[in-house]
Amino acid sequence: MALPLTHKRVLVVEDEQHFRSVLVSYLKSLGAETSEANNGLQAMNVMDDVRPDLILSDLAMPEMGGIEFVENLRLQGAQIPVLVISATDKMADIAKVLRLGVQDILLKPLTDMNRLRESILACLYPSMFTSQAIEEAELFQNWDALSKHSSDAIELLRQLQPPVQQTIAHCRINYRQLTTDENPGLVLDIAALSDKDLAFYCLDVSRAGDNGLLAALLLRVLFNGLLQDHLASQHHRWPQMPVLLKQINQLLRQGKLKGQFPLLLGYYHTEYKKLILVSAGLNANVNTGDNQIQLSNGVPLGTFEATYTNQISQRCTAWQCQVWGSGGRLRLMLSAE
């Protein structure tokens, strides 16, 4: 099960041991890796070994309080987001840490853990907080409700669709749905893995009823982490896309999602101009300018325990890919900057 803070490192700076333990336990329940410090001075030493994605800090602490700690961070040029949790009633202290650029302040006693969770997500995902990050974080909590109300799942899928035009990993990308059906057919997702590479997938949700919608939501939450873990295990080699498809097939089975799930996976490395496409049930035509290649569909995921796929690999600085299946047709276009 995906957790919203998986692969995120959080440093908790708090002198009250019991409250620090409560915070650490809660962060771990959300999937975070945690480090602890009793005060700002100890936290500065911890920072030498840990590079946190987020810091939770009290203000009133011995040796070095939260204000001085944040001042030191900013003087060193560290722009790590900071969430202050304090019992202070001094508006001057609150104004000072706000000027230092802390992302949020929560007052003790902290009784609403949902409020804490929302603040953490807002710190880590500021540009997506109002929609994508919240929906992803709450997806599994609402899994039963989504299973029973397909209209809610459809609406959530619409909210999670990528913008039709964007620039990521030094690539200009745009896509067009070539069908006008109001119900989801082909669901697309695109994400940068670093400033040099990106990945995308296209899933046909039309061949498994409501399970198709749930499979799309499951994949939307898990795909990036799955691919990142896979790339780390490859030691800078190209991703083994058939292996990824096999893992996704296993996840669908573990989720007890029955049906056929036609899926196309893609990977592009900007520096090496390397495009890899693999299909399990969707057709694709790729135009690189110099070459036109047809990728036959293979067998949809969910059909068998094993996977049967087709793959192509090309070097190109720009390409167009038209994808189609029973759920519709779309065109994805990319140009490296």
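This is a predicted model: local features need pLDDT of at least 70, side-chain atom pairs count only at pLDDT 80 or more; totals for chains, interfaces and linings use all residues.
View 1. β6 and β7 run antiparallel and are joined by four bridges. One face of β6, with Gln 166 and Ile 168, is covered, whereas the face with Gln 165 and Thr 167 is uncovered. Ile 173 also belongs to a core of 29 residues, which includes Leu 198, Ile 293 and Leu 295.

**View 2. Two residues lie between the strands of the hairpin of β6 and β7.** In this hairpin, Ala 169 takes a positive phi near 50 degrees. His 170 is found in the loop between β6 (165-168) and β7 (171-177). The phi of His 170 is also positive, about 60 degrees, although His 170 is not a glycine. Most residues other than glycine have a negative phi. With a relative accessible area of 44%, His 170 is partly exposed.

**View 3. Glu 63 has a positive phi of about 70 degrees.** Glu 63 is not a glycine. The residue lies in the loop that runs between β3 (54-57) and α3 (66-75). Is Glu 63 buried or exposed? Its relative accessibility is 66%, so Glu 63 counts as exposed; the cut-off for exposed is over 50%.

**View 4. Glu 14 sits in the loop between β1 (9-13) and α1 (17-29).** Its relative accessibility is 2%, and Glu 14 therefore counts as buried; the cut-off for buried is under 20%. The side chain of Glu 14 makes a polar contact of 2.9 Å with the side chain of Lys 108. Leaving aside neighbours within four places in sequence, the residues in contact with Glu 14 are Phe 19, Arg 20, Ala 37, Asn 38, Asp 58, Met 61 and Lys 108.

**View 5. Lys 108 and Pro 109 are joined by a cis peptide bond.** The omega angle of this bond is about -5 degrees. Most peptide bonds are trans. Pro 109 is placed in the loop between β5 (104-107) and α5 (113-124). Lys 108 is also the partner of Glu 14 in a polar contact between side chains.

**View 6. Asp 112 caps the N-terminal end of α5.** A side-chain oxygen of Asp 112 lies 3.1 Å from the backbone nitrogen of Asn 114. How far apart are the end C-alpha atoms of α5? They are 17 Å apart. The buried residues of α5 are Leu 116, Arg 117, Ser 119, Ile 120, Leu 121, Cys 123 and Leu 124. In an α-helix, residues three or four places apart point the same way.

**View 7. The largest nonpolar core has 35 residues.** Which of its residues touch the most other members? They are Phe 223, Ile 248, Leu 252, Phe 261, Leu 263, Leu 265 and Leu 301. At least two residues of this core come from each of α8 (150-160), β9 (197-204), α9 (210-234), α10 (241-254), β10 (263-269) and β11 (274-280). The largest share, 12 residues, is supplied by α9.

**View 8. Leu 265 is one of the core residues that touch the most other members.** Not counting residues up to four places away in sequence, Leu 265 touches Phe 200, Tyr 201, Phe 223, Met 241, Leu 244, Leu 245, Ile 248, Ile 276, Leu 277 and Val 278. Apart from this core lies another, of 29 residues, with Ile 173 and Leu 198 among them.

Definitions and conventions
Residues are numbered from 1 along each chain as its sequence is written. Side-chain values use heavy atoms; hydrogens and water are left out. Buried means under 20% relative accessible area, exposed over 50%, partly exposed in between (1.4 Å probe, protein chains only). A nonpolar core is a set of buried Ala, Val, Leu, Ile, Met, Phe, Trp, Tyr and Cys residues joined through side-chain atoms within 4.5 Å. Contact means heavy atoms within 4.5 Å. The expected span of a helix is 1.5 Å times one less than its number of residues. A polar contact is a pair of N or O atoms within 3.5 Å; within protein, one must be able to donate a hydrogen and the other to accept it, and residues adjacent in sequence count only if both atoms are side-chain atoms. Two strands pair if DSSP finds at least two bridges between them.
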